Amino acid sequence: MTEFVATVVRGLGNGSIYALLALGFVIVYKSMRVISFAQPAFMMAGALLVGYLVMSMNFFLAVLVALLLTALLGAGVERLALRPMIGKPVFVIAIITLGVDIVIRTVVNAFIGLDIRQMGDPWGLKQVDVLGAKIDQRHLATLVTTLIVVAALFAFYRWSRTGLAMRAASSDQEVALAQGVSVGRVFSLSWALAAALAGLAGVFLSTGIGLEQNLWLTALKALPVIILGGLDSLGGAVVAGLSIGIVEALVGSYGDNLHPVFGGDFFLVVPYLLMLLVLLVRPYGLFGTREVERI
Amino acid sequence: MSRPLLYLSYKQDMALLNTSAKRAWTLVLAVVAVTLPFLLTDDILVVLATACAASIGAIGLNIVTGYGGQVSLGHAFFLAIGAYTAAALSGDPDSTRLIGFGITSLPIWLLAAGLVAGLAGLIVAPLAARLRGLYLAVVTLGLVFIGEHIFKHWRELTGGVGVGRPAAVPELFGFQFAVDGAMFTKAQKLYLLMLVLLVIFGVLARNLVRSRTGRALAAVRDRDLAAEVIGVDVTRYKMIAFAVSSFYAGVAGALLYVMIGFVEPGSFNLGMSVQYIAMVLIGGVATISGSVLGALFITLLPRITRELPAVLPFISASSTAGGITVFQVETILYGLLIIGFLIFEPRGLFGIWIRIRSYWKSWPFSH
């Protein structure tokens with residue numbers, strides 16, 4: 001039982017990271033109808049910035065500053081590489097974000113180097129007792145922060161003027177333009193938000209275990225998450241993120257009893273298999289909007 | 001004497017080489033390509049032969065993505081299937097560690113590699129036909145991860161992580177391509193082999209895309225609903241596109257394995273898929289010659305950047321020294337090229353060629 005609780009909490013912790021990343025994907029998708037493959041790069045950039053900033057300031061302040069800088073980077077990328085492409089096929093834009101990802105990530109990797117960089121976080125590998133189970137503090141911190149961020153994000157979308165503008169631009173860009181919404185600003189803002197969310201995910205991902213070059217692969221786990229939840233559903237991203245985190249953790253803990261054919265690290269591909277299975281039944285994910293086909 | 005470029009029939013217009021200029025240039029290109037092995041050193045020939053093999057893969061991706069409009073990030077998965085099918089077929093049958101059937105005849109393992117990969121494509125296709133656009137891109141990406149997992153664990157097939165297995169033996173009716181002979185070196189033989197195969201598969205693809213199937217694919221790409229309304233069986237053509245593209249990928253995978261010789265099971269990853277996307281985009285979407293240009297460009301890029309440290313001293317050649325390394329420059333360059341081409345020249349290298357061509361065609365009235 002205690003092992004089960006520990007596993008679930010670990011799953012929720014990792015799932016929160018996926019959810020944060022997936023929210024970034026969904027925000028960009030809602031505004032531009034494009035999957036931004038640059039999220040892994042922003043995640044690494046945010047974590048790297050914190051790694052450097054903690055050397056001269058408090059961890060929490062460092063995170064704030066780093067997220068602001070990552071948001072700026074996101075908005076800058078949107079302005080330089082994505083704005084000229086408005087109106088082009090979405091596939092082409094998605095590939096541009098792949099290019100952006102490669103460039104930023106290589107630069108970030110050059111700074112990380114071959115060593116593992118420590119984040120200087122207050123949790124480290126400390127553990128607490130919950131229901132008799134030993135649980136890493138960082139998983140709890142991730143979960144709580146994610147819940148706060150998600151609540152703030154939903155409130156922002158629901159009640160603020162800018163949030164309304166973003167929803168308007170997402171449902172129909174031309175009508176939104178005619179109503180006085182600056183769609184360009186919505187694009188910038190959504191890229192900034194997405195980058196900051198990815199940065200935050202990067203910080204939590206690398207606390208405790210440290211920042212190293214291969215961590216970016218984790219960001220790709222958010223792709224099955226958004227497909228599972230539906231590309232344009234914020235709620236779906238959170239639900240799918242947490243559930244994939246839990247399933248992955250469960251398979252990781254209890255998967256050794258599976259047939260050896262599946263291989264020892266089977267939990268790594270579980271998200272992708274889950275995605276394929278769900279898509280066979282629901283091609284637009286669990287909460288995604290079904291595309292209306294008109295002739 | 002008729003007017004130049006006056007076509008009297010549809011057949012004439014759709015001919016493979018429909019202008020005299022095309023005929024002349026094709027001849028020149030063919031002569032140059034065949035004389036190259038006697039002018040260049042072996043190490044460059046190996047790079048060129050690899051580029052020929054990669055071209056076949058790029059043509060495959062272009063059929064599904066450029067002509068068919070189905071975005072696939074899963075090309076590496078099909079390349080891997082081809083590579084391992086060929087290696088297993090031609091492998092040593094007495095080995096206790098690895099699967100092997102001892103069939104070293106090139107046409108057999110090459111066709112088998114293509115067919116098995118094509119079959120895998122057909123299995124994925126029904127799922128793909130239900131999905132559109134970016135959903136499909138992410139799903140095919142999932143294939144790459146699942147494939148990577150399988151290849152890492154199926155040691156009897158792939159040799160396992162860090163060990164690998166030898167590639168298929170390129171042998172045709174007892175003639176060995178991968179060993180130095182009395183007349184030709186290994187590199188010269190392999191280059192000529194890859195060149196001939198590229199020409200065969202290139203012409204086949206060119207014929208496919210200018211046929212009824214090709215037109216149907218283009219219709220599906222441009223607007224699948226409209227295509228369905230005018231009577232194109234969308235699901236069927238999406239499946240054909242996937243199967244043909246995977247066939248090409250399988251063939252390319254087998255040949256690439258022969259060229260590289262050692263392949264780590266984990267190297268058929270997202271990076272490789274992106275590389276092929278880059279070939280298609282940089283070369284030119286929906287053109288066969290563009291795919292070849294793109295593959296040449298991407299394969300030659302590392303060779304060119306390796307010369308950079310001699311010119312620019314702040315770039316270091318090894319990864320242990322400080323400063324920017326060649327590999328980082330290469331990766332950044334390649335990312336920037338993707339972005340730059342898409343923003344400034346969406347038609348790719350082939351588009352640049354079209355511009356040059358139309359400049360001379362309309363000279364002296366260049367506008």
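Q: How many salt bridges are counted between chain B and chain A?
A: This is a predicted model. A salt bridge needs a side-chain nitrogen of Lys or Arg within 4 Å of a carboxyl oxygen of Asp or Glu. Between chain B and chain A the count of such bridges is zero.

Q: How many residue pairs are in polar contact between chain B and chain A?
A: A polar contact is a pair of N or O atoms within 3.5 Å. With both residues at pLDDT 80 or more, the count of residue pairs between chain B and chain A is three.

Q: What is the area buried between chain B and chain A?
A: The size of an interface is often given as the accessible area lost when the parts come together. Here 33 residues of chain B are in contact with 50 residues of chain A. Carbon and sulfur atoms give 82% of the buried area, and its total is about 3,700 Å².

Q: Which three residues supply more than any other three of the area that chain B buries against chain A?
A: The elements giving two or more residues to the side of chain B that touches chain A include α5 (106–130), α6 (133–153) and α15 (326–344) of chain B. The three residues asked for supply 19% of the area that chain B buries against chain A, and they are Leu134(B), Tyr135(B) and Val138(B).

Q: Is Lys238(B) buried or exposed?
A: Lys238(B) lies in helix α11 (residues 234–260) of chain B. Beyond its neighbours within four places in sequence, Lys238(B) is in contact with residues including Gln70(B), Arg132(B) and Asp224(B). Because its relative accessibility is 6%, Lys238(B) counts as buried.

Q: Which side chain makes a polar contact with the side chain of Arg221(B)?
A: Arg221(B) lies in helix α9 (residues 212–222) of chain B. Its relative accessible area is 32%, so Arg221(B) is partly exposed. The polar contact of its side chain, at 3.1 Å, is with the side chain of Asp222(B).

Q: What distance separates the C-alpha atoms of Arg221(B) and Gly66(B)?
A: Not counting residues up to four places away in sequence, Arg221(B) touches Gly66(B), Tyr67(B), Gly68(B), Gly69(B) and Ala286(B). Arg221(B) and Gly66(B) are 155 residues apart along the chain, and their C-alpha atoms are separated by 8.1 Å.

Q: What is the phi of Ala286(B)?
A: Most residues other than glycine have a negative phi. Ala286(B) is found in the loop between α12 and α13 (288–305) of chain B. Its phi is positive, with a value near 60 degrees.

Q: What is the phi of Arg33(A)?
A: Arg33(A) lies in the loop between α1 (2–32) and α2 (39–53) of chain A. This residue counts as partly exposed because its relative accessibility is 32%. Arg33(A) is not a glycine, yet its phi is positive, at about 65 degrees.

Q: Which residue has its backbone oxygen 2.7 Å from a polar atom of the side chain of Ser55(B)?
A: Ser55(B) is found in helix α3 (residues 42–67) of chain B. With a relative accessible area of 1%, Ser55(B) is buried. Leaving aside neighbours within four places in sequence, Ser55(B) is in contact with Leu198(B), Val292(B) and Ala295(B). The backbone oxygen at 2.7 Å belongs to Ala51(B).

Q: What is the area of the nonpolar surface patch that includes Ile356(B)?
A: Ile356(B) lies in helix α16 (residues 348–361) of chain B. Its relative accessible area of 42% is why Ile356(B) is partly exposed. Ile352(B), Trp353(B), Ile356(B), Tyr359(B), Trp360(B) and Trp363(B) make the patch, with an area of about 660 Å².

Technical notes. Residues are numbered from 1 along each chain as its sequence is written. Chains are lettered from A and ligands numbered from 1 in the order in which they are written. This is a predicted model: local features need pLDDT of at least 70, side-chain atom pairs count only at pLDDT 80 or more; totals for chains, interfaces and linings use all residues. Side-chain values use heavy atoms; hydrogens and water are left out. Patches are made of residues with over 30% relative accessible area and no salt bridge: like charges are joined within 9 Å, nonpolar side chains (Val, Leu, Ile, Met, Phe, Trp, Tyr) within 5 Å. Accessible areas come from the Shrake-Rupley method with a 1.4 Å probe; for residues, only the protein chains shown count as cover. Helices (H or I, at least four residues) and strands (E, at least two) are DSSP runs, numbered from the N terminus. Buried means under 20% relative accessible area, exposed over 50%, partly exposed in between (1.4 Å probe, protein chains only). Contact means heavy atoms within 4.5 Å. Buried area is the accessible area (1.4 Å probe) that two parts lose on being put together, summed over both. A polar contact is a pair of N or O atoms within 3.5 Å; within protein, one must be able to donate a hydrogen and the other to accept it, and residues adjacent in sequence count only if both atoms are side-chain atoms.
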